[in-house]
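The following exercises are to be worked through with the structure in view. Each task is followed by a solution in steps.

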Amino acid sequence: MKTSRLIFLIFSVLTLFALIADPHLARAEERAPLLLGAGEQRVLHIQGIQKYSIGGTAIHAHLIGSDQILVKGVTPGLSDLWLWHPDGSSAHQTVRVEKTIGAELKPGLERALGGLQEVEVLIAGTGVIVRGQIDSRAEATRMEALIRGWPTDIHDETEIAEALLDEAQDQLSAWIQRSHNSTRLRIERIDGLLWVRGSIEQPGERSAAERQIRNIFPLTQTEIDSLPDAAPTIHFRVFLLELKRSRFHTLGLSWPAAVEGAFRVTSGAVQDMLQLDVALQALEGEGSARILSSPELVVRAPGEAELFAGGEIPIETSSAYASNVTWKNFGLSLKLNVTATTAEKVRLDIFTEVSHLDQSISSNSKIPGLQANRMKTQVDARYGVPLLLSGLLQQGTRESARGLPLLRQIPVLGLLFGSDDYLNERSELVAILLPSSSPPPAPLSKIMRYAPKGLLPPPRTWISPEDEKRLRSSNEYPWNALQ
């Protein structure tokens, strides 16, 4: 502490000589003192900063732009912050750094927080909030060490600069191409983060690869398993919707006139998910379409997934000694069998089975019979390009929906069977499959990204220095009112 005061005294004497030598310093603006906790950082918004100077060792500063400077408290003590503007004028501010009050930081954490140079640190309760943009690999290394060393104390709200992400992605891609695991690993960029996913058979080799990945860019997220194959996981978003016949052309579909209810699979005029979203929103807005269900299916390739929408009926069998009741499914069954994948496409077999109740073929007047038709086709689907399936329900299904009101009570398809447009042949069931090599984003993820996260910062006075000076000179200020 004595050394710090001596340095401060020497700097004050030098400042006095500078005031005499430089007329611009004589008219320096005196800003309100700033109080920081050790390890705390603050972004000061000051118009027109050309350069700055620091006296003392209590703080560090980093010029973010011409209007922002990041000040961080390093060790308890006093420091002077001098700012110069392009017109030659200057501003002075005293910064006092104190030991953090209200939160006992773990050993080493305070020192590690003081090493950050580009992001802002807020001490809040029992945790530390880190905010701001990471612009350099060095800062990314420091941030990764913080998260790894104190995972329960750090609330990370930082963002990585796009230029830094581009550079890291290029370096990771080059390393993967050179490695003998190039066919097993892939890079994904999701919500401002880099992910390396895949499979490496040997656990030791996987650990070495993860270390190398973090050496290239410390904040890379990894999801590498040690399964005996490099089989990817394919995600399918499925939309079941009721679409009016008059708007089939909107999705690139044509109503089959020659063969009523013919099963068709096509990518039509829809080329990507964004175009599909816009089309569905427009159709729903004008009342030409209604989404009945939008589930998600996940398939580990090679593998199979199934979607069923329908109901069950009891079938009773009896003999002289016993009776038994079994339940039989009826409705729409959609099976996806993924047989092969590449970096851009997935080959899958599509099975559809449609069964409906038919009173005319019943052997018991109380229990209707079942009619079913099955279809199978194989397609090569491109990731991110929707597949449109039409002709799923046959004409007999519509007749059954008219004659059997109980069909309107079954899940999903009950909404369709209760529709006047469907019963009057003005609409039809259409299924949309959207394959993807990565999980779909969580709902509202783009919005929630900017919502406050982590612990709230302690209450502070966020009054500008100019407003604080005006308040202190007012007769209504607390201690002035007592004079």
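**Exercise 1. The nonpolar cores**

Which residues does Leu-429 touch, not counting residues up to four places away in sequence?

*Solution.* Before starting, note that this is a predicted model, in which local features need pLDDT of at least 70, side-chain atom pairs count only at pLDDT 80 or more, and totals for chains, interfaces and linings use all residues. Residues are numbered from 1 along each chain as its sequence is written, and side-chain values use heavy atoms, with hydrogens and water left out.

Step 1. Apply the contact criterion, namely heavy atoms within 4.5 Å. Leu-429 then touches Leu-240, Leu-241, Leu-292, Leu-332, Leu-389, Ser-390, Gly-391, Leu-392, Leu-393, Leu-413 and Leu-416.

Step 2. A nonpolar core is a set of buried Ala, Val, Leu, Ile, Met, Phe, Trp, Tyr and Cys residues joined through side-chain atoms within 4.5 Å. Buried means under 20% relative accessible area, exposed over 50%, and partly exposed in between, with a 1.4 Å probe and protein chains only. The largest such core has 38 residues, and Leu-348 and Leu-429 have the most contacts inside it.

Step 3. Look for a further core.

**Exercise 2. A sheet with mixed pairing**

Describe the open sheet that contains strands E12, E13 and E14, and state how helices H5 and H6 lie on it.

*Solution.* Step 1. Recall the conventions. Helices (H or I, at least four residues) and strands (E, at least two) are DSSP runs, numbered from the N terminus; two strands pair if DSSP finds at least two bridges between them.

Step 1. Write down the order. The 3 strands follow one another as E12-E13-E14, with mixed pairing. Strand E12 (185-190) and strand E14 (221-225) are at the edges, each with a single partner strand, so one side of each has no neighbour in the sheet. On average, neighbouring strands are turned by 20 degrees against each other, direction ignored.

Step 2. Examine one pair. Strand E13 (residues 193-199) is joined to E14 by 5 bridges in the parallel sense, and Trp-195 has Gln-221 in E14 as its bridge partner.

Step 3. Axes are lines fitted to C-alpha atoms, for helices over the stretch in contact, and angles run from 0 to 180 degrees between N-to-C directions. Helix H5 (residues 162-178) lies across E12 and E13, at about 170 degrees to E12. Helix H6 (residues 203-216) touches E13 and E14, and makes about 165 degrees with the direction of E14.

**Exercise 3. Two helices in contact**

At roughly what angle do the axes of H5 and H6 cross, and which residues meet?

*Solution.* Step 1. The axes come within 10 Å and cross at roughly 150 degrees.

Step 1. From H5, Gln-171, Leu-172 and Trp-175 meet Ala-209, Gln-212, Ile-213 and Ile-216 of H6.

**Exercise 4. Strand E7 and its partners**

Is strand E7 largely enclosed or largely open, and with which strands does E7 pair?

*Solution.* Step 1. In strand E7 (residues 77-84), 7 of the 8 residues are buried, so the strand is largely enclosed by the rest of the structure.

Step 1. Strand E4 (residues 51-55) pairs with E7 in the antiparallel sense over 5 bridges; here Gly-55 stands opposite Asp-80.

Step 2. Strand E8 (residues 90-98) also pairs with E7 in the antiparallel sense, over 8 bridges, and His-92 in E8 is the bridge partner of Trp-82. The hairpin of E7 and E8 has 5 residues between the strands, and Gly-88 takes a positive phi near 95 degrees.

**Exercise 5. Confidence in the model**

Where is confidence lowest, and where is it highest?

*Solution.* Step 1. Begin with the average. On pLDDT, the predictor's confidence in each residue from 0 to 100, the protein averages 77, and 76% of the residues score at least 70.

Step 1. Compare the elements. The lowest mean, 44, belongs to helix H11 (residues 445-448), and the highest, 92, to H5.

Step 2. Over residues 444-451 pLDDT stays under 50, and the model has 5 contacts beyond four places in sequence for them.
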